[in-house]
Amino acid sequence: MSTTATTGAQAHHHAQPRTHTRALSAARTTATAARVLRQLRHDPRTIALMLLVPCLMLVLLRYVFDSSPRTFDNIGASLLGIFPLITMFLVTSIATLRERTSGTLERLLAMPLGKGDLIAGYALAFGSVAIIQSALATGLALWFLGLDVTGSAWLLLLVALLDALLGTALGLFVSAFAASEFQAVQFMPAVIFPQLLLCGLFTARSNMHPVLEAISDVLPMSYAVDGMNQVLRHTDMTTTFVRDVLIVAGCALLVLGLGAATLRRRTV
Amino acid sequence: MHAAGLTVVRGPRTVLRGLGFTVPRGQITGLLGPSGCGKSTLMRAIVGTQAKVSGTLDVLGRPAGHPTLRTRVGYVTQSPSVYDDLTVRQNLDYFAAILDPGRAAAGRRRDDVTRAIADVDLTSHTDALAGNLSGGQRGRVSLAVALLGTPELLVLDEPTVGLDPVLRRDLWNLFHHLAATRGATLLVSSHVMDEAERCHRLLLMREGEILADDTPDALRTRTGADTVEAAFLHLVDEAVAAGRTKESAR
Ligand SMILES: Nc1ncnc2c1ncn2[C@@H]1O[C@H](COP(=O)(O)OP(=O)(O)OP(=O)(O)O)[C@@H](O)[C@H]1O
Ligand SMILES: [Mg+2]
C-alpha cells in the first residue's frame, strides 16, 4: 500500500485548479444528475415501476370507462399530468431523505458543492426520467387507447414535465421534515391527496363549495390538471393554458428554492 | 489549527466546554477519549458541519467552515457515508467530480480515483456495489473519498475501527506517508490506545474537556506510566479525584 501511496503523492504534485463554490456550477450539477441516474440504474425494479405503472393505470382506466370514452378523455388527460407529479414526489422524497440519513449529504456539504447544484442535479435526473415516463404514457394513451386530444401532444408532454419538476420540488421540500422513511411516505397522502381531491379530477372546481374552490385556487395541481384539459379541448395554446403553465413552473421554482433553504451546511 | 474557548451545544447538553488547543501542521494528532466525550462533535466543528459552535476555531488560517476550506479539508464521518447503490469506483468518481469538476480534469480525476482505491487496498473490489461490501470495506471506501484531491488537513473519525492488524498498520503507514511527503496535517480519533503510540501528538478528552495535549512520550514521562493507555487512565483518575475534592469543598 505504501508503494501506491508514493505514486499517489507524485500525482498530487499537479497543481489542481481551486474552484470555489458558486451558486450553480454546470459541471457539478450534471455530475450529480449522472450520479442519481446511476443509482437508479442499479435498481431496475424501481425504473420498471416508475415507467410501467402509469401505463397500466391508463389501460385500466380505459376499460373502466369502456362505455363512456368522453369520461376517459377527461380523466385520462388529467392523469397524464398527475402521474409524473406523484411518482417524482415519492422518489425524490425518499432519495433525499436517504441522502440526509446516510451521511452523504453532510459529506457533500462539507465539499465544494453548492446547494443549488444538488437540487438542480436531482431535478435534472428525475426530470429526464419523467420525460420518458410521460412519453410512454402519452404515446400509449393517444395511439393505443384512443384518447381524443384536440391540441398538440407536445403540449401534453410539456405540462407533464413541469408537473414532474413540481413533484421533485415538493418531494425535496418535505423530505426535510421527515425523520424516517415511514414519515416520508405518509407525506404523500398528506400533501398529494388533498390536491388530488380538489384539482378538478372528480368534479369541476366551479361546482365545489366556495371555500374548497378558493383553496383549490392556490393549489398547484389544480393548474396542472387545468393545463391538461386546455390541451384536450383547444387546438392552439389558449391564454389560460399559458397561465397554467407559468403557475406550475413558478410553483416548482418557488418550492425548489424553499427546498434549498432546508439544506443546511451546519446541523445540530 | 487553533481553538480557544470552543463550546458546542447539542440539544440540551453542552458537549464541548471551552476547549483550547493547537494542532501543529504536518503532523498526526490523535484524538482520544471515552465514548460520548465529544470527539465526533469536535471533528464536525472543525470541518464546519456542526451548528451552535461558539468561541474561536481557526483551521488552516481561516475560520472553520470557511468556503475556501472545502477543497482543502478531507473528512471521514464515523459511520461510512457512501452510496450503497453505487460501485466503489462510481462513488469515488462522483465525489472526485465535486472536488475537481469539469471535463478537462477527467484524466486527472481517473488517476486520482485509482490511486485512492489502491491506498485503501480495495483495487480488487473496484466494481463491487458499496452495499455488498463488509463493514470494514465500506469504511475504507469512505476513507478513500477523503483521500481524493490533495487535502492539506485530513479529519478522520475512527478510520481504523473494525480493521485487521495488517490493514491498520498499512493505513497508519499511509497516514505517516501523507504527513511526511505532503506535509498534510492529520487529526485522527480512536478508541484504540495502541494507535496513540503512532501519533506525533495526542489530545486526550473526557466529558467535553481536554485532559492533556502533549506528545505520547511526554505523557508517559509525566504520569510515570508505561503505555499511553496507563497514562490516560491515570489522568482520568486524577480528574475524577479533583472533581470530588471540588465537590466536597463546596
Ligand atoms: N445529534 C445529536 N443531538 C444531541 N446530542 C448529541 C447528538 N449527537 C451526539 N450528541 C451528544 O453529544 C455527546 C458527544 O457525542 P460525540 O458523538 O461527539 O461523542 P464521541 O466522543 O464521538 O463518541 P464515540 O467515541 O462513541 O463516537 C454525547 O453525549 C451525545 O449524547
Ligand atoms: Mg464519535
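Analyst: A polar contact is a pair of N or O atoms within 3.5 Å. The model shown is predicted. In it, an oxygen atom of ligand 1 is 2.8 Å from a polar backbone atom of Gly36(B). A polar backbone atom of Gly38(B) is 2.9 Å from an oxygen atom of ligand 1, and an N or O atom in the side chain of Ser35(B) is 2.6 Å from an oxygen atom of the ligand. The protein buries 69% of the 630 Å² that ligand 1 exposes when taken alone.

User: Where does ligand 1 lie, and which residues are the closest to it?

Analyst: Ligand 1 lies between chains A and B. It is surrounded by 15 residues, and the closest are Ser35(B), Gly36(B), Lys39(B), Ser40(B) and Thr41(B). By type, the shell holds 4 nonpolar, 7 polar and 4 charged residues.

User: Which element gives the most to the shell around ligand 1?

Analyst: Helix H1 of chain B gives the most, with 3 residues. Both strand S2 (13–22) and helix H1 (39–47) of chain B supply at least two residues of this shell.

User: How should I read the magnesium ion, and which residues coordinate it?

Analyst: Donors are N, O and S atoms within 2.8 Å of the metal, and water is not among the atoms, so a site may look incomplete. Here the magnesium ion (ligand 2) is coordinated by OG of Ser40(B) and OE1 of Gln78(B), at 1.9 to 2.1 Å. Ser40(B) lies in helix H1 and Gln78(B) in the loop between strand S6 (73–76) and helix H2 (88–99) of chain B, so the pair ties together parts that are 38 residues apart in sequence. Gln78(B) is partly exposed, with a relative accessible area of 44%.

User: Which residue just after H3(B) takes a positive phi?

Analyst: That residue is Asp121(B), with a phi of about 60°. Helix H3 of chain B covers residues 106–119, and its buried residues include Arg109(B), Val113(B) and Ile117(B).

Terms used
Residues are numbered from 1 along each chain as its sequence is written. Chains are lettered from A and ligands numbered from 1 in the order in which they are written. This is a predicted model: local features need pLDDT of at least 70, side-chain atom pairs count only at pLDDT 80 or more; totals for chains, interfaces and linings use all residues. Side-chain values use heavy atoms; hydrogens and water are left out. A residue is near a molecule or strand if one of its heavy atoms lies within 4 Å of it. A polar contact is a pair of N or O atoms within 3.5 Å; within protein, one must be able to donate a hydrogen and the other to accept it, and residues adjacent in sequence count only if both atoms are side-chain atoms. Accessible areas come from the Shrake-Rupley method with a 1.4 Å probe; for residues, only the protein chains shown count as cover. Helices (H or I, at least four residues) and strands (E, at least two) are DSSP runs, numbered from the N terminus. Ala, Val, Leu, Ile, Met, Phe, Trp, Tyr, Cys and Pro count as nonpolar, Asp, Glu, Lys and Arg as charged, and the others, Gly among them, as polar. Donors are N, O and S atoms within 2.8 Å of the metal (3.2 Å for Na, K and Ca); water is not among the atoms, so sites may look incomplete. Buried means under 20% relative accessible area, exposed over 50%, partly exposed in between (1.4 Å probe, protein chains only). The expected span of a helix is 1.5 Å times one less than its number of residues.
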